[in-house]
Amino acid sequence: MVSERMPIWLRFVIVAGALVLVVGAGLFGYRWYFRPTTLTIAVGSLDGEATRLVSGLASRLAAVNASIRLKSVETTNAVDAADLFASNKVDLAVVRGDVGDLSQAQAVVVLAHAVVLLVAPPGSAVTDIAGLKRASVGVVGGEINRNLVGVLTKEYDLGRANVSFRNLAPADTRRALDAKEVRAILVVVPLAEKYLTLLRGLFPQNAKTAPILIPIEAAGAIAEKQRAYESFDVPKGTLRGSPAVPDDDLTTLRVSFYVVARKQLGDDVAGALAEALMKARRDLLGELPILSQMTAPSTDSDAFLPVHPGAAAFFNGTQQSFLDKWGNAIFLTPMIIGGLISVAAAAWKFLRAGESSKDERGLDALYALGARIRMTEAEPELSDIETEIDRVLQAQRARTAAGDENALDVTTLNVVAHRLQSLIHDRRILLSAQPESKIRV
């Protein structure tokens, strides 16, 4: 019996289904590989400026469809942000280098630099730290500057000099100065116009009077012992241009704000984050001028806060390209797939080793007709056999026309048909030569 062949419409359905699966798998793989990674970032500051900066950066990353997205977790100040980071509740944080537990932190970018300013009101006799003896100093943002106060107290032995420190909220600073509750204030702010304007507004000024900036002459010695700080010279005329305040470069301390990541963050993600932030910085400078201070962290091996390897690769220009990372996989995958297909084909052939192919079954059917021809004793039966041969041959030729690989080839059909016709012809001659009485029997 000739086996039924698969309908052409079913073949189209199978091919279309396979194509849909391949395209779907490709799209899924593409979206999976290029899907954006969302990182949580803890941020907080007394005036909300750090939160504003991070929100601006996050919005820009979303607007340009960057591969990294930021989700802000707002806190009250940098201390709380550092605590949230240390407790493993966020992926990133904006921290100040001298605040909190940063043992698990690695720098991605330096967001801004903050300068330590000791400022006395106009007309004060205090011109250096020694002049603060038995004085009260107001510390704006006391909690976040606790470590700084301890460092200054130890370096200058301010405890013996009976110098006291009083925490002040930004809104209470002007009142405390006017009431002479404090003889000087300690603030740590970036040298940006916004903060310089706020600082000027704390003191009455005219052409003849101006606030007095007190130098921290031991800044170099402090920086050697407390590596979160660095010695920094405030440029002449920073607070006021004419007459210049300060009237010469003023030595003080500087501390940096960092965007930090956990050590466990993948190098690819950290590198992409650093790249995305630096591109966003360029786009947002007009809107957020303080971002001009954003820069690469130190990549030196002895840096105070080690840079994340992924960020370092970006800043050093050693990031791996797509082909660098996946080239071997792209090269080996077709070989592996081809090998699996060969194994599957061999297994299928092994499992069907005992079965006759469709070609062999078709030949067997034709050869069986040859046996019937030799054994027939009636002319009408030969005619029936001829009809059956025509049906088998017609079916085989139809399969050949449809492209069925299991159909008998034309040469085989011709040979078998000629053989069977010869047998029928010979059998007819033999039957016609027999006596009529034997035929009836």
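Select Leu 118, Ile 129, Leu 132, Val 137, Leu 152, Leu 158 and Phe 165: they line the largest cavity of this predicted model. A cavity here is a set of points, on a 1 Å grid over the protein atoms alone, where a 1.4 Å probe fits but cannot get out; lining residues have an atom within 4 Å of a point. The largest cavity has a volume of about 40 Å³, a volume being the space filled by probe spheres set on the points, which are joined across faces, edges and corners. Its lining has seven nonpolar residues, no polar and no charged ones. The classes are: Ala, Val, Leu, Ile, Met, Phe, Trp, Tyr, Cys and Pro nonpolar; Asp, Glu, Lys and Arg charged; the others, Gly among them, polar. The structure holds three cavities of 30 Å³ or more.

The model is predicted, with local features needing pLDDT of at least 70, side-chain atom pairs counted only at pLDDT 80 or more, and totals for chains, interfaces and linings using all residues. Residues are numbered from 1 along each chain as its sequence is written, and side-chain values use heavy atoms, with hydrogens and water left out.

A pocket is an open set of points with protein on both sides within 12 Å along at least five of seven lines. H2, strand S3 (92–96), S4, strand S7 (184–189) and helix H6 (193–200) each give two or more residues to the lining. Helices (H or I, at least four residues) and strands (E, at least two) are DSSP runs, numbered from the N terminus. By class, the lining of the second largest pocket has 20 nonpolar, five polar and three charged residues.

Move to helix H2 (residues 49–63) and helix H8 (residues 267–284). They pack at an angle of about 105°, with their axes 9 Å apart. Axes are lines fitted to C-alpha atoms, for helices over the stretch in contact, and angles run from 0 to 180 degrees between N-to-C directions. H2 is therefore roughly perpendicular to H8, the label for angles of 65 to 115 degrees (under 35 is roughly parallel, over 145 roughly antiparallel, the rest oblique). To show the contact (heavy atoms within 4.5 Å), pick Gly 56, Leu 57, Arg 60 and Leu 61 in H2, which meet Ala 276, Leu 277, Ala 280, Arg 281, Asp 283 and Leu 284 in H8.

Now pick Leu 70, in strand S2 (residues 68–74). Leu 70 counts as buried because its relative accessibility is 13%; buried means under 20% relative accessible area, exposed over 50%, partly exposed in between (1.4 Å probe, protein chains only). Not counting residues up to four places away in sequence, Leu 70 touches Leu 39, Ile 41, Ala 58, Leu 61, Leu 92, Leu 273 and Leu 277.

In helix H9 (residues 309–316), select Gly 310, Ala 311, Ala 312 and Ala 313, which are buried. The buried residues of H9 pack against strand S4 (105–120) and H8.

Finish in the loop between strand S9 (229–234) and strand S10 (250–262), where Pro 243 is found. The peptide bond from Ser 242 to Pro 243 is cis, with omega near -10°. Pro 246 lies in the loop between S9 and S10, and a cis peptide bond with omega of about -5° joins Val 245 and Pro 246.
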